[in-house]
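Hi,

Here's the structure I said I'd pass on. Have a look at it first, and then read on for what turned up.

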Amino acid sequence: MFGGSAPILVLSQNTKRESGRKVQLQNINAGKAIADVIRTCLGPQAMLKMLMDPMGGIVMTNDGNAILREITVQHPAGKSMIEIARTQDEEVGDGTTSVIVLAGEMLSVAEQFLEQQMHPTVIIRSYRQALEDMIRILEDKVSIQLDVNDRPKLLEVIKSCVGTKFIGRWSDMACSIALDAVQTVALDENGRKEIDIKRYAKVEKIPGGSMEDCTVLSGVMVNKDVTHPKMKRYIEKPRIVLLDCSLEYKKGESQTNIEIMKEEDFTRILQLEEEYIQKICADIIAVKPDVVFTEKGISDLAQHFLIKAGISAVRRVRKSDNNRIARACGATVVNRTDELKEEDVGTKAGLFEIKKMGDEYFCYVTECENPKACTILLRGASKDVLNETERNLQDALHVARNILMEPRLVPGGGAVEMAVSQALAEKGKSIQGVSQWPYRAVASALEIIPRTLTQNCGANTIRTLTALRAKHAAGGSTWGINGETGQLVDMKELGVWEPLSVKLQTYKTAVETAILLLRIDDIVSGSKKKKDDAGGAAPMPSEEAMKE
């Protein structure tokens, strides 16, 4: 190394390289900064954030994931914090706020060890150990089994999730909506449980009406009208046919030239078109349906034939909607009309009707017997209210799904965190050597959740936490903080429970992220103008990979 100028020669002129202690502290600060943005959104007394997106639209929410999706962050460590909220949302759907707050705290407790010149790998090793113990404690000591058929208890759990959100005021209604929807969509096929919320529980938002009008339809609703005004708009016990093909004459894809010698040939061509459409319609009419849904268009001539047979038709239905209708009324989506069979017709729906709401027409297929798909109808004052309600409902749906998939619960309200923290602190005493300090730090980092809960409802933090610690030391492992008032309560009596799967995922994600960010000791940022993968990046592939 000549005069220490080597890095300048290796990296191109406009790359910036920072390494060592400085980077680790920067990453920690970035993590803490993001955690601070989200911190006030935890618990029932959460504040809302109002975000302007670049297009000028506004988003008002206290869902950790939604906030982080909207803000743009420059620091790479900040970006990875935002990623974890996304992961949490996709994986279990709830606990996005807590995951960020926890990860931020895990990083900030590591700061003091770095300043004492402790090597990051030592810290990481203790973190790993602590994570394994946390999971063990959660699964063995803290969690309890839940009976899936005990409806009031299920509602209680969902309520503790919804209580922290904007729709907390209508929480009873929201909980029963979520539970009904999830139980509708649940499938048990020879021992395999499938609950596909995304595909089969559709949320339709219609501005107008009031929050109390939200319902789960025992069927499906599509934003469509029948194609012809003369068609029936109210049919009881309809026979439904679902098609995937267009009811119009197939035209050539590109320019098609037809040479005609005689005049009669032209009329013959028109006749062929009519005959083709007549044949298609005859195929459909043969199975005597009342309603036809197709994903493609329906020509005027086809409408004419269908009206004559007294069949209502709805065209250009989305593929996803068509699949939902199929699940709800037991029909099969057919690709060609000449393959229509009696068993393809859906007969399980009790009612087909078209309703006008506001200035749009909606087509309802409801009163299905044992539907396997449903539509959740949300009504509310304005678009913003509806969007926030939908986000909250998604969380509730996920929680309901998690409980039905894995019916184990842990007490909420910061009680779990305190219990785990207590157990870790006890275990930390038995660990030899330097690594016991970071291990204990993890235990104290967990206390951030109850602490934030107390802060958000304006109680005296230090006093409350000391009292809570005393309770847990005396063995009251279900004691936590009532997020409304800031008092200490037994979560068993208050009835605040959370699904175990959410908690496990939260801890895993938070600790793993903290580990990942502590691992970084070098940030090489290239220029924006030309993407140069300079040779200097070779000894540090993990950092480059980190920076996506």
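Let's start at serine 312, which touches Val226, Met231, Lys232, Ile235, Asp290, Val291, Val292 and Phe352, leaving aside residues up to four places away in sequence. You'll find serine 312 in strand 13. Is serine 312 buried or exposed? Its relative accessibility is 1%, and buried means under 20%, so serine 312 counts as buried. Do keep in mind that this is a predicted model.

The protein chain has 548 residues, and 50% of them are buried. It holds 20 helices and 22 strands. The C-alpha trace spans about 95 × 70 × 45 Å along its principal axes. If you take the contacts between residues at least 6 apart in sequence, 74% of them join residues at least 24 apart.

Which residues of helix 11 are buried? In this helix, residues 300-308, they are Ala302, Gln303, Phe305 and Leu306. Looking down the axis of helix 11, you'd see these buried residues fall within an arc of 165°, so they line one face of the helix. The face turned away from that buried side carries the exposed residues Asp300 and Lys308. Just after helix 11 comes glycine 310, with a positive phi of about 70°.

Now for how helix 10 sits against helix 11. Their axes come within 10 Å and cross at roughly 40°, which makes helix 10 oblique to helix 11. The crossing of these two helices is right-handed. On the helix 10 side you'll see Glu274, Ile277, Gln278, Cys281, Ile284 and Ile285, and they meet Leu301, Ala302, Phe305 and Leu306 of helix 11. Sorted by class, the contact of helix 10 with helix 11 has eight nonpolar residues, one polar and one charged. Two of the residues here, Phe305 and Leu306, are also on the list of buried ones in helix 11.

Take helix 2 (residues 21-39) to begin with. The axes of helix 2 and helix 4 come within 8 Å and cross at roughly 45°, which makes helix 2 oblique to helix 4. This crossing is right-handed. Asn27, Ala30, Gly31 and Ile34 in helix 2 meet Ala77, Gly78, Met81 and Ile82 in helix 4. The residues of that contact divide into five nonpolar, three polar and no charged.

The other partner is helix 19. How do helix 4 (residues 76-91) and helix 19 (residues 500-519) pack? They do so at an angle of about 160°, with their axes 10 Å apart, and that makes helix 4 roughly antiparallel to helix 19. The crossing of helix 4 and helix 19 is right-handed. Helix 4 brings Ala77, Ser80, Met81, Ile84, Gln88 and Glu91 to the contact, while helix 19 brings Val502, Gln505, Thr506, Thr509, Thr513 and Leu517. By class, that gives five nonpolar, six polar and one charged residues. If you're clicking through helix 4, look out for Ala77 and Met81, as they meet helix 2 and also take part in the contact with helix 19.

Cheers

Key. Residues numbered from 1 in each chain as written. Predicted model: local features only at pLDDT ≥ 70, side-chain atom pairs only at ≥ 80, totals over all residues. Heavy atoms only, no water. Buried < 20%, exposed > 50% of the residue type's maximum accessible area, 1.4 Å probe, protein only. Helix = DSSP H or I, 4+ residues; strand = E, 2+ residues; numbered from the N terminus. Arc of directions from axis to C-beta. Axes fitted to C-alpha atoms, helices over the stretch in contact; angles between N-to-C directions. Parallel < 35°, antiparallel > 145°, perpendicular 65-115°, else oblique. Left-handed = near helix turned anticlockwise from the far one by under 90°. Contact = heavy atoms within 4.5 Å. Nonpolar A, V, L, I, M, F, W, Y, C, P; charged D, E, K, R; others polar.
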